Amino acid sequence: MSILLDQNTRVLVQGITGRDGSFHAKQMIDYGTKVVGGVTPGKGGQSIHGVPVFNDMKEAVAATKADASVIYVPAKFAPAAIMDAAHAGIKLIIAITEGIPVLDMLEVYHEVRRLGITLIGPNCPGLISPGKAKIGIMPGSIHLPGRVGVISRSGTLTYEIVYALTNLGLGQSTCVGIGGDPIVGTGPMDLLPLFEKDPDTDGIVLIGEIGGDEEERTAEFIRQHITKPVFAFIVGHTAPEGKRMGHAGAIVSGGSGTAGSKIKAFSHAGVPVANTIDQLAAITQMGLKK
Amino acid sequence: MKIHEYQAKQLFQQAGIPVPTGVLATTPDEAAAAAAKHGGIVAIKAQVHAGGRGKAGGIKVVKTPDDARAAAAKILGMDIKGSTVRKVWVEAGSSIAREAYLSVMLDRSTRSILFIASAAGGIDIEEVAEKTPEKILKFSTTSLTFPEAEARAAAGQLFEDAAYTESVLDIMRKLFAVFVEKDCSLVEINPLVLTHDKKVIALDGKVNFDDNALFRHPDIEELRDMGEEDPNEILAKSKGLSYVQLDGDIGCMVNGAGLAMATMDMVKLFGGQPANFLDVGGSSNPEKVIHAFKIILSKGNIKAVLINIFGGITRCDDIARGILESFKQITIDVPVVVRLTGTNAEQGLALLEGSKLIPAATFADAVRKVIVASGGTVVEEHNQ
């Protein structure tokens, strides 16, 4: 098992004829993802990488019976693309796009929640259930099928951590990159219960960073609701206050959102926090042996 | 993005929020002339993005043009938390009866737009929240529609007199409109004052914008004060890089913001001092590597550079080509440690063979090597 995504998930690619959309559609197909089509307005009727291109989401969903979609369209058009997918009946939407204005996401967030849709991202690498399927931009080759769930706000840092887990023989059930923006569709508190319920996940690795108070609230949530072991890693100890560290959401403001505050919250909840990536992999291995 | 108080007040004024009249001055004589023209008491206020300028002596209330000149002479050139004061706002003095607080901001935790109002204004709101939380009123909306009913209830309490409900409510409505229309992350009036002649005016103004939305607000982009920004950060942005300068001497070039933060943290943990945050971004145009080198080395005291790349979309061979091209185009006379993993790593490492770069097999190995190369000592206690 895995969460959210497996080899039977039928995926549409929004922006499939663009540079990124086309490249990653191919990568996903090669990994084994069931990509059933793509959407680019005005380019319907064509075919790319052996899958049909449609003009709009309603038409695409009707023709392909897709249940997930991934968005590679530019920031200016991405909020509308998410809503198109939502209104076409897609239940799992992954928004890779970086740079969406936060007020646009505020409206999108509440609308997709109201519709009962799972939105991953924006500004995220996507998700992968190793050996089954991937939706997004992560390199498939570093992953190993297994029993560790991974939740992360970052992209390349997640690859680094997955690589360290894989090198120790610790495979992953599903890895979810939730995104680095101030407002993302799905947070750790939405995903932890899914991993808790998944019989093929033994423990969860949680990768956080400075900014906001999601990690602090997650720590309390784990203490109350999660029985499987959780192992954490936080980045941004050395970030100066008031500076955005690449990710729109990675900013320490008015003394809150610091790495120290997040580590304290996890420690208080009994969640071990590693100092280094190698140590994170090591404590996960030790913790799961018990 | 941040703007100055006088720019925030100009936005407020355009939106119909009452503000005191004022004139911008860049010399003591200009400040004296502005004070003379006004004729009465004026406040001379330092225009810097840093907070706490009042405590730093950046605000003076004066009665005569001569005093205005003297105050401006003192404030101009002053250093406030690393920002040099280049401009002062000479503002008509207000006769203050009461001071309140009002702000609108994005609340990440609840995914809403949050209003904070308090009858205790003019002081640090975080201090009020800590010492007298009962004096803080909060209400929010999860849509872009003004929350009329909650706002009305709060407006009546701000000056503890229902007579001012309508004028405060009107200001709240207009402040919310500015927040939404201009894609702000924060708009704050501290203090919002009630004057002795019973007017409600914004005596201070702070506005921060969502950087992701600036593409649709060219008018706001024009308000950017280059003097307040790190020229390297601006240069980096124009080249598609993300850069923040730190205090240390070990330059870092990394792909991905999370990994870049982790790299800085690891350098520090192992006993070194990171000189910067630098994310070369997803696509791996060799040109970007050259710009990244130039920006990192421009800091001056760099003793060694660490290049840490985990190839995904980024291809390691492209990065390697960029590194080699950088050595041809610019003088790099410090040791450079390179760690390449992921997409096309072997091709990348093959390209670098025979160069004077120091290769590293793993992230931790790279961090240890760069600290040694910088003349530092590696610390290992964190593994316990």
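Author: Start with pairing: two strands pair if DSSP finds at least two bridges between them. This is a predicted model, and in its chain A seven strands form an open sheet in the order E3-E4-E2-E1-E5-E6-E7, with mixed pairing.

Reader: What makes strand E3 and strand E7 of chain A edge strands?

Author: Strand E3 (47-48) and strand E7 (118-120) of chain A each have a single partner strand, so one side of each is left without a neighbour in the sheet.

Reader: Which strands form the open sheet of six in chain A?

Author: The order is E9-E8-E11-E10-E12-E13 (chain A), again with mixed pairing. Strand E9 (133-136) and strand E13 (230-235) of chain A are the edge strands, since each pairs on one side only. Neighbouring strands of this sheet are turned by 15° against each other on average, direction ignored.

Reader: How do you know that E12 and E13 of chain A pair?

Author: Strand E12 (residues 203-209) of chain A and E13(A) share six bridges in the parallel sense, and at least two are required. A:Val205 has A:Phe231 in E13(A) as its bridge partner.

Reader: Which helices lie across E12 and E13 of chain A?

Author: One of them is helix H6 (residues 188-197) of chain A, which also lies across strand E10 (145-152) and strand E11 (172-177) of chain A and runs at about 165° to E10(A). Another comes from chain B: helix H9 (residues 257-269) runs at about 85° to E13(A).

Reader: What makes the radius of gyration of chain A agree with that of a compact globule?

Author: With 290 residues, a compact globule would have a radius of gyration near 19 Å; chain A has 18 Å, so the two agree. Buried residues make up 61% of chain A.

Reader: Why is A:Leu4 called partly exposed?

Author: Buried means under 20% relative accessible area and exposed means over 50%, with partly exposed in between. A:Leu4 has 29%, so it falls in between. A:Leu4 lies in the segment before strand E1 (10-14) of chain A, and its phi is near 65°, a positive value in a residue other than glycine.

Reader: Why is B:Lys81 called exposed?

Author: B:Lys81 has 66% relative accessibility, and the cut-off for exposed is over 50%. B:Lys81 sits in the loop between strand E4 (79-80) and strand E5 (83-84) of chain B. B:Lys81 has a positive phi too, about 45°, although it is not a glycine.

Reader: What is the area buried between chain B and chain A?

Author: The area is about 4100 Å², of which carbon and sulfur atoms give 61%. B:Arg108, B:Arg111 and B:Phe310 supply 20% of the area that chain B buries against chain A, more than any other three residues. The contact takes 50 residues from chain B and 55 residues from chain A.

Note on methods. Residues numbered from 1 in each chain as written. Chains lettered and ligands numbered in written order. Predicted model: local features only at pLDDT ≥ 70, side-chain atom pairs only at ≥ 80, totals over all residues. Heavy atoms only, no water. Helix = DSSP H or I, 4+ residues; strand = E, 2+ residues; numbered from the N terminus. Axes fitted to C-alpha atoms, helices over the stretch in contact; angles between N-to-C directions. Contact = heavy atoms within 4.5 Å. Rg over C-alpha atoms; globule rule 2.2 N^0.38 Å. Buried < 20%, exposed > 50% of the residue type's maximum accessible area, 1.4 Å probe, protein only. Buried area = accessible area lost by both parts, 1.4 Å probe.
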